[in-house]
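Subject: Handing over a structure

Hello,

Here is the structure I promised to pass on to you. Have a look at it first, and then read on for my notes.

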Amino acid sequence: MLNEKIEKALNEQIKKEIYSAYLYFSMAAFFDAENLKGFANWMKKQAKEEFEHAMKIYNYIYEKSGKVELQAIEKPKCKWDSPLAVFEEAYSHEKFITDSIYKLYELSLEEKEYATSSMLKWFIDEQVEEEAQTEEIVQKIKMLSSSPNGIYLLDRELGQR
Ligand code: MG
């Protein structure tokens with residue numbers, strides 16, 4: 001059986017991962033509306049990954065004979081001032097998710113739910129990559145936005161993901 005506090009916290013994390021997917025999907029829609037297809041492509045791939053994160057926790061809960069109870073997902077933001085503002089928000093959202101994973105990890109140690117701690121290590125490593133890649137794009141947008149073709153070139157690059 002899965003410890004009750006852990007089960008509740010894991011269900012909460014599923015919600016956060018699905019919200020992340022929803023937020024990135026909303027960012028993709030914003031980019032498609034702006035005709036930045038490469039940026040939109042990157043966000044769609046990211047949204048799909050977030051849904052996979054949710055599924056990973058979902059599968060773990062059932063492996064441990066726990067129960068999944070899906071929560072309501074709030075409406076994500078749908079308007080931003082610039083591509084830079086979008087990626088700055090994606091970066092700060094990833095930092096928020098990292099913090100949430102750390103808290104979950106701490107709880108798993110407190111509750112001596114070591115199998116959960118072990119499962120969460122994958123997420124801790126994944127968050128290093130998630131933060132690094134969103135931050136890298138923020139830096140690239142800043143570097144390229146002063147040149148006339150900058151956003152166009154970056155859009156092409158992100159379209160390759
Ligand atoms: Mg995630």
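Of the 161 residues in the chain, 45% are buried, where buried means under 20% relative accessible area, exposed means over 50%, and partly exposed is in between (1.4 Å probe, protein chains only). Please keep in mind that this is a predicted model, in which local features need pLDDT of at least 70 and side-chain atom pairs count only at pLDDT 80 or more, while totals for chains, interfaces and linings use all residues. Residues are numbered from 1 along each chain as its sequence is written, and side-chain values use heavy atoms, with hydrogens and water left out.

As for the overall layout, the chain has five helices and zero strands; helices (H or I, at least four residues) and strands (E, at least two) are DSSP runs, numbered from the N terminus. Along the sequence this gives the pattern α-α-α-α-α. Taken along the principal axes, the box filled by the C-alpha atoms is roughly 60 × 25 × 25 Å.

Now to the way the helices pack. Helix α1 (residues 4-33) and helix α2 (residues 37-63) have axes that come within 8 Å and cross at roughly 165°. Axes here are lines fitted to C-alpha atoms, for helices over the stretch in contact, and angles run from 0 to 180 degrees between N-to-C directions. The crossing angle makes α1 roughly antiparallel to α2 (under 35 degrees counts as roughly parallel, over 145 as roughly antiparallel, 65 to 115 as roughly perpendicular and the rest as oblique). The crossing of α1 and α2 is left-handed, a term used if the near helix is turned anticlockwise from the far one by less than a right angle, with right-handed used if clockwise. In the contact of α1 with α2, 19 residues are nonpolar, five are polar and five are charged. For that division, Ala, Val, Leu, Ile, Met, Phe, Trp, Tyr, Cys and Pro count as nonpolar, Asp, Glu, Lys and Arg as charged, and the others, Gly among them, as polar.

Further along, helix α4 (residues 114-144) packs with helix α5 (residues 150-158) at an angle of about 150°, and their axes are 8 Å apart. α4 and α5 are therefore roughly antiparallel to each other, and their crossing is right-handed.

Rings of Phe, Tyr and Trp (its six-membered ring) pair if their centres lie within 6.5 Å; planes under 30 degrees apart count as stacked, over 60 as edge-to-face and the rest as tilted. By this rule there are eight aromatic pairs. In one of them, the rings of Phe31 and Phe39 have centres 4.9 Å apart and planes at 35°, so the pair is tilted. Phe31 is buried, at a relative accessible area of 0%, and Phe39 is also buried, at 0%. Ring pairs join Phe30, Phe31, Phe39, Trp42, Trp80 and Phe87 into a cluster.

Which residue lies over the face of Trp42? That is Arg161, at 4.5 Å from the ring centre. Lys56 lies over the face of Trp122, at 4.0 Å from the ring centre. A charge sits over a ring if NZ of Lys or CZ of Arg is within 6 Å of the ring centre and within 35 degrees of the ring normal.

Most residues other than glycine have a negative phi. Asn35, in the loop between α1 and α2, has a positive phi near 65° and is exposed, with a relative accessible area of 56%. Lys112, in the loop between α3 and α4, has a positive phi near 55° and is exposed at 58% relative accessibility. Ser82 lies in the loop between α2 and α3 (83-110) and is partly exposed at 25%. Ser82 and Glu34 are 48 residues apart in sequence, with a C-alpha to C-alpha distance of 9.8 Å.

Lastly, two helix residues. Leu120 is in helix α4 and is buried, with a relative accessible area of 1%; its C-alpha is 8.0 Å from that of Leu104, 16 residues away along the chain. Met43 is in helix α2 and is buried at 0% relative accessibility.

Best wishes
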